[in-house]
Amino acid sequence: MKNYETLVDATNDLMKRGYTANLSLEGDTVDDKSQDLQMTADEFEIDEFYRFEGASNPADTSIVYAVSSPKYNLKGILVNGYGAYANNSPSAIDAKLHHHHISHNLHSEDKPTA
């Protein structure tokens, strides 16, 4: 995985690599409003993610997700808040994003097998 200095650097590079859809988190779906598309948790994969802390407040962070959906032939970028201003709703989408973030950062012997 690459390291980026800023959120803008990450999104620009992802766009160059084909992640062109501008995705948003809308309750229980990840949406591409330009295509009027709503994806449930089982209709997309998280290919990569990058976490950024705010310059003045470490609790003010964002995560950039590179998302793909073979079902919809789509690759896009989802930026989600993390920390004090995060969306803390108990949706399946949030659970998937949080699980991927935690699982990816565990040491190989600590990762879940299922």
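1. Aromatic pairs. In this predicted model the count of aromatic pairs comes to two. In one of them, the ring centres of tyrosine 4 and tyrosine 50 are 4.8 Å apart and the ring planes stand at 85°, so the pair is edge-to-face. Tyrosine 4 belongs to the segment before helix H1 (7-16) and tyrosine 50 to strand S4, so the contact ties together parts that are 46 residues apart in sequence.

2. The tilted pair. Phenylalanine 49 and tyrosine 65 have ring centres 6.3 Å apart and planes at 40°; the pair is therefore tilted. Phenylalanine 49 is in strand S4 and tyrosine 65 in strand S5, so parts 16 residues apart in sequence are tied together. Phenylalanine 49 and tyrosine 65 are buried.

3. A charge over a ring. Lysine 75 lies over the face of tyrosine 19, at 4.4 Å from the ring centre.

4. Nonpolar cores. The largest nonpolar core has 14 residues, and Leu23, Val30, Met39, Tyr65 and Leu78 touch the most other members. Two or more residues of this core come from each of strand S1 (21-26), S3, strand S4 (45-53), S5 and S6. Another core, of nine residues, lies apart from it and includes Tyr4, Tyr19, Phe52 and Ile77. Tyr65 of the largest core is also the partner of phenylalanine 49 in the tilted pair. Tyr4 of the other core is the partner of tyrosine 50 in the edge-to-face pair.

5. The structure holds five salt bridges. One of them joins the side chains of lysine 2 and aspartate 13, at 3.3 Å from N to O. Lysine 2 is in the segment before H1 and aspartate 13 in helix H1, so the bridge ties together parts eleven residues apart in sequence. Lysine 2 is partly exposed at 42% relative accessibility, whereas aspartate 13 is buried at 16%. Lys2 and Asp13 also belong to a network of salt bridges with Arg17 and Glu48.

6. Other salt bridges. Lysine 71 and glutamate 43 form a salt bridge whose closest N and O atoms are 2.7 Å apart. The pair links distant parts of the chain, 28 residues apart: lysine 71 is in the loop between S5 and S6, and glutamate 43 in the loop between S3 and S4. Lysine 71 is exposed at 58% relative accessibility, while glutamate 43 is buried at 15%. Lysine 33 pairs with glutamate 26, with the closest N and O atoms 3.3 Å apart. Lysine 33 is exposed, with a relative accessible area of 57%; glutamate 26 is partly exposed at 35%.

7. Backbone points to check. Most residues other than glycine have a negative phi. Aspartate 36 has a positive phi of about 55° and sits in the loop between strand S2 (29-32) and strand S3 (37-39). Asparagine 73 has a positive phi of about 50°, in the loop between strand S5 (60-69) and strand S6 (74-83). Aspartate 36 is exposed at 63% relative accessible area, and asparagine 73 is exposed at 73%.

8. Overall layout. The chain contains two helices and six strands, in the order α-β-β-β-β-β-β-α along the sequence. Of its 114 residues, 39% are buried. Among contacts between residues at least 6 apart in sequence, 50% join residues at least 24 apart. The chain exposes about 7000 Å², with carbon and sulfur atoms supplying 48% of it.

Conventions
Residues numbered from 1 in each chain as written. Predicted model: local features only at pLDDT ≥ 70, side-chain atom pairs only at ≥ 80, totals over all residues. Heavy atoms only, no water. Helix = DSSP H or I, 4+ residues; strand = E, 2+ residues; numbered from the N terminus. Buried < 20%, exposed > 50% of the residue type's maximum accessible area, 1.4 Å probe, protein only. Contact = heavy atoms within 4.5 Å. Areas by Shrake-Rupley, 256 points an atom, 1.4 Å probe, with all protein chains shown as cover. Core = buried A, V, L, I, M, F, W, Y, C linked by side-chain atoms within 4.5 Å. Phe/Tyr/Trp six-rings, centres within 6.5 Å; stacked < 30°, edge-to-face > 60°. Lys NZ or Arg CZ within 6 Å of the ring centre and 35° of its normal. Salt bridge = Lys/Arg side-chain N within 4 Å of Asp/Glu carboxyl O.
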